[in-house]
Amino acid sequence: MNTLSTAAQVQERKNYIDGRFVASTRQFKKMSPVDGSEVAIVHEADRGMVDQAVSAARTALKGPWGRMPLQERVDLLRNIAAGIERRFDDFLAAEVADTGKPVSLASHLDIPRGAANFRVFADIVRTYGTESYLLDTPDGKGAVNYALRKPLGVVGVISPWNLPLLLLTWKLAPALACGNTIVAKPSEETPSTATLLAEVMHDAGVPPGVYNVIHGFGPDSAGEFLTMHPGVDGITFTGETATGSAIMRAVAPTVKPISFELGGKNAGIVFADCDFDAAVAGMANAIFSNCGQVCLAPERVYVERPIFERFVAALKQKAEGYVMGWPGDSKTSMGPLISKLHREKVLSYYELARKEGATVVTGGGVPKFGDARDSGSYVQPTLWTGLPETSRTVKEEIFGPCAHIAPFEKEEEAIAMANDTRYGLASTVWTTHLSRGHRVAQAMEVGISWV
Ligand code: NAD
């Protein structure tokens, strides 16, 4: 049995400031979501350490990093990608230990994408042009106005736990590619790959102070110290909508630009003319992958009436086919939720759905293993039908392996239900009708819509 989760070695995760690992007297424990064992001791950055990290980032901006020719920066980004790949197994073990996600998922998604993000932005930044505008002037001679792209400065990167390396680097790589310096605050639940990345940065030749890591929590901890810091020029954040709102308030006094990727309560619309098997497989994957802890995952499924019953039955079968094994077992297709705390939240929605009158199609509880996984944070994949659109289960982001399935009669009705949300992240449309696919996708009030 390959558990790849129990913490045979408890790792120490220190802050990384100005090219050095820095210990703190304040520490917290990171527990395994697989079996509740201790995975890491994390050194929480205090206000002074955040100050040091910001000041190191400012100095680096004015130093060699700021003067580095673009081609050298691009080469460094590629070296970082290669460095992650060279230490693939270390990153994989660290990500799996923190999150409990299946090795099969992390090895295909999290770690390769973490490396690829650096290559993608190395390529993109090479082709960034300047913009110029020819303007008429009263004297008739005309003028050329042009815009130059310059680094913003010291950028605070605050990332979540669901795809730790992937989402950290998705923010980090473009910021570095554009010549900024970074103070990164990874989630307290997933401190490890951000810390390993510091070693890769060092080996790749990234100058001290360009990438700093501070560990800790949000309010009254490293996250808030960073957002409120007058020396930080901008914040890029991925996480919950409520946290985004708190960050907006925190940056107001120092008027920082912010870039957000927030929560979702996404809809999938399935028409009777879809490729049925592809739609079932696609929706199952979208709902349950990463134990439903994906911002783009659909927690609301709308199915055209003629295929509703058949679709619910097929999705139920898929849900019941997930294997909640140990992360290292190749048969495992679903891991635990990230923590006991998050499990409490998800289970409270499982309970709420019942109270709101849902029919539980499958799941709705906690699996029993008869081994150490009973001390982990697993929940059953869950499907509901029969809830009114106004119920909280249908309105609020749960962020677990669950979805509510409702029938619809007409295209306009499905569009209206899908759009009746305070979120607007993503949607999916399943149809083989070309113009309907385009029409419905365009009617979705979201950032991204797949057909
Ligand atoms: P979260 O908002 O609780 O935490 C995200 C990060 O913010 C963590 O590093 C946390 O420590 C920090 N933080 C919390 N409070 C803070 C504060 N007051 N000031 C500064 N930093 C603070 O989110 P999470 O639970 O880690 O992640 C799950 C959420 O993220 C879900 O809502 C999910 O939809 C969303 N998400 C969105 C995307 C996207 O691209 N839109 C991607 C992944 C996750």
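Helices (H or I, at least four residues) and strands (E, at least two) are DSSP runs, numbered from the N terminus. This is a predicted model, in which local features need pLDDT of at least 70 and side-chain atom pairs count only at pLDDT 80 or more, while totals for chains, interfaces and linings use all residues. Residues are numbered from 1 along each chain as its sequence is written, and side-chain values use heavy atoms, with hydrogens and water left out.

**View 1. The protein chain has 15 helices and 19 strands.** Its radius of gyration (taken over C-alpha atoms) is 23 Å, close to the 22 Å from the globule rule for 451 residues, so the chain is as compact as a globular protein of that length. That rule is 2.2 Å times the number of residues to the power 0.38.

**View 2. Here is the ligand in the largest pocket.** A pocket is an open set of points on a 1 Å grid over the protein atoms alone, where a 1.4 Å probe fits, with protein on both sides within 12 Å along at least five of seven lines. To sit there, a molecule needs more than half of its atoms within 2 Å of the pocket's grid points.

View 3. For Ser159, a backbone N or O atom is 2.8 Å from an oxygen atom of the ligand.

Note on methods. A polar contact is a pair of N or O atoms within 3.5 Å; within protein, one must be able to donate a hydrogen and the other to accept it, and residues adjacent in sequence count only if both atoms are side-chain atoms. On a 1 Å grid over the protein atoms alone, a cavity is a set of points where a 1.4 Å probe fits but cannot get out, and a pocket is an open set with protein on both sides within 12 Å along at least five of seven lines; lining residues have an atom within 4 Å of a point.
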